[in-house]
Amino acid sequence: MFKRIFKFFLKLLRNFIVTFIFCEFLIYYVVIYQCNYKSVDNENINDGLKAMILADTHMLGPFKGHPFDRLRREWQMKRSFQTAMQIFKPDVVFILGDVFDEGNWVNDKQYQEYVDRFHTLFYVPSTTRLYAILGNHDVNFHYAMHPHLVNRFSKAFNFTSGVNLIREKKVTADGTKRIVNFVTINSMAMEGDECYLCHQAKEALKSIGKKLEILKQKNRHSPPFVMQHFPTYRNSDENCIEIDSENTDITVYREKWEVLSKSASEFIAKTIEPRGYFSGHTHRYCMYGNDYGIYEHTIASFNWRNINMPSFLLAVFTPDDYSISKCDMPKETTVIICYIVGTIMPIIFAIINCKYPMRNLVRNFLRFSLIRIKFSPAAGLSG
Ligand SMILES: [Zn+2]
């Protein structure tokens, strides 16, 4: 009896270990491996600048959520990010804001712990550049956005946040150096008034516009991509060309809350004439042809706390063209179903077996009797 119980528990343990390895490690490879960079017309894919773009990681801080919730979400994000880094090896990674969930609440000591945790989760090798863009959860909205919050974010990521021109260089197989331009924008400073950070952001954007104009006159121009937290103005996701299959409900967006104001969107479009926009903040994916005739990709949250099936983008950029692939991550519901099938179901079957021992006894007795009848010499003669 003891031996049977021991064997049963060994079986349960084996099931649990196999399920755990699948749900916590292998599933990330199985799902993420299905995605890949898309080629750009007439280009060798390795000559383009390879980028991975994600948004709204919302790492929990000391105030909100249960510690288990924090542990679970950070493990999922770490596994997804590191698996993707291993498979796709991008040249550059952009995180489009709301890196931290409580970045605007924590003190400097807590912030440092936050940043250390971030670098463990989103570790990149020295050959990859990582740019983190400001979100409202990192520095707060408009007047609540103190310069100290912006400065410590810049210091943490070794990158001047706010409004910046990034000129990414890519050397092709034949040794040609090519530049792809990106403009990072502090969306919360795009209020159009004369608040300190808003004024600074407006002037920085104008100066980038002039720099791009000079490059255009020298025939060294490649229109930039906007990387920002808030999407440019749209009324809702009703007119999205592509959208998450699971999040199809229509919410009306408010200017300066869910999306940039009409005037800020127009200011960006006219000042730097981008050829593409990337944004986050709404937590769901939308590919949209915006009011200026340019495609905008709003990226879903990278955190399962906000969405059942998070996703990120892979992009290949050249000075004249680009391609985008949307990569889904494992569904939370799939992981739960795997755990149920792999560990809970065998326990339920075992309980059913224990609950009806008489049925098993009768079944075994009948099976034994039939074998005896089949093999007894009398049974052979009478047949
Ligand atoms: Zn946000």
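A: Two residues are in contact if their C-beta atoms, placed from the backbone, lie within 7 Å. The model is predicted: local features need pLDDT of at least 70, side-chain atom pairs count only at pLDDT 80 or more, and totals for chains, interfaces and linings use all residues. Residues are numbered from 1 along each chain as its sequence is written.

Start with helix H6, residues 196-217. Helices are DSSP runs of H or I with at least four residues, numbered from the N terminus.

Which residues of H6 are buried? They are Leu197, Cys198, Ala201, Lys202, Leu205 and Leu212. Buried means 20 or more other C-beta atoms within 10 Å of a residue's own; exposed means 12 or fewer. Seen down the axis, the buried residues of H6 fall within an arc of 135° (taken from the directions from axis to C-beta atoms), so they line one face. They pack against helix H5 (147-156) and helix H7 (262-272).

The face turned away from the buried side carries exposed residues: Tyr196, His199, Glu203, Lys210, Ile214 and Gln217. Just after H6, Asn219 takes a positive phi of about 60°.

Now the core. A nonpolar core joins buried Ala, Val, Leu, Ile, Met, Phe, Trp, Tyr and Cys residues through C-beta atoms within 7 Å. The largest has 76 residues, and Met52 is among those that touch the most other members. Leaving out residues up to four places away in sequence, Met52 touches Ala84, Phe88, Pro90, Val93, Phe312 and Leu314.

How values were computed:
Helix = DSSP H or I, 4+ residues; strand = E, 2+ residues; numbered from the N terminus. Expected span 1.5 Å × (residues − 1).
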